[in-house]
Amino acid sequence: YQRRVHGKRARMPIIVAYWNIRGLAAPLRMMCEFAGVEYESKMYAVAVAEDGSYDRSEWFGVKAEIQQRNAFANLPYVEDNDVVVCQTNACLTYLGRKLNLYGSTPEQQLLIDQVLCQAMDAARQMYSQKPDYDAHYSKFQAWLEQHGTTFTAGDTPTAGDFHLWEMLDQHEMLAKAQGRPSPMEGRPKLQALHKALRTAPSLQRYFEGPLYALPANNLSANWKC
């Protein structure tokens, strides 16, 4: 996974690996784009077999190779030269620290830790046809009001904001598909956070490119968009 240039070991681009959807990898890709680092988005496809079942062999055919390097092998994973990181929040934490998107003080990092966990709880609502928006959105709105900042751990984006943003954006898509009003309606702090990242100059290439255009979920999901 490494090469040598003029006798020196050259660092390879960060690899963000996931299914060929947005899903849980979108925040990781966004963080790399925002930080302006070179990275590769490695994607595994799910196909429909002749009997109508879902064929995930593209990933499971190589999973054992990743497992030799990390016993927790799963998607998403982040590969950074000799390091392979698995588990979504661990991937977000790793990239956050590496890309200077994890705060500058222990107090700020504690805020990010909490936001990542809360965002993961909320993201799981995507698997329900009738997500309980109010329960989670009210908490995030109150959090932003309590701290008086644009983002969840300060006035600049950190790892938790990318995780939260993708959850907000996917829920917007779901609400629109179901003919329901925006879950962010009446929650100005969440609306402002979503807009701030959506209009960030360093993310416009991502939003205009193929990765943002990927479907939110896999073929087997209850909701696909």
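View 1. At 36% relative accessibility, Lys98 counts as partly exposed, a class that lies between buried (under 20% relative accessible area) and exposed (over 50%), as found with a 1.4 Å probe and protein chains only. Asp80, by contrast, is buried, with a relative accessible area of 4%. In this predicted model the side chains of the two residues meet in a salt bridge at 3.0 Å, N to O, the term being used for a side-chain nitrogen of Lys or Arg within 4 Å of a carboxyl oxygen of Asp or Glu. Because Lys98 belongs to helix α4 (residues 88-98) and Asp80 to strand β7, the pair ties together parts that are 18 residues apart in sequence. Helices (H or I, at least four residues) and strands (E, at least two) are DSSP runs numbered from the N terminus.

**View 2. Glu79 and Arg69, a pair that involves strand β7.** The side chains of Glu79 and Arg69 form a salt bridge, with 3.2 Å from N to O. Glu79 sits in strand β7 (residues 77-80), while Arg69 is found in the loop between α3 (63-67) and β7, so placed that the pair, ten residues apart, links distant parts of the chain. Glu79 is buried at a relative accessible area of 2%, whereas Arg69, at 31%, is partly exposed.

**View 3. Arg187 and Asp134, a salt bridge.** The side chains of Arg187 and Asp134 meet at 2.8 Å, N to O. Arg187 lies in the loop between α7 (159-177) and α8 (188-198), and Asp134 in helix α6 (residues 133-147), the two being 53 residues apart in a pair that links distant parts of the chain. Here Arg187 counts as buried, at 12% relative accessibility, and Asp134 is partly exposed, with a relative accessible area of 49%.

**View 4. Arg22, Glu166 and Asp169, linked in a network.** These residues, Arg22, Glu166 and Asp169, are connected to one another by a network of salt bridges. A search of the whole structure finds six salt bridges. The protein that holds them has nine helices and eight strands, and buried residues make up 47% of its 225 residues.

**Notes to the views.** Residues are numbered from 1 along each chain as its sequence is written, and side-chain values use heavy atoms, with hydrogens and water left out. As the model is predicted, local features need pLDDT of at least 70 and side-chain atom pairs count only at pLDDT 80 or more, whereas totals for chains, interfaces and linings use all residues.
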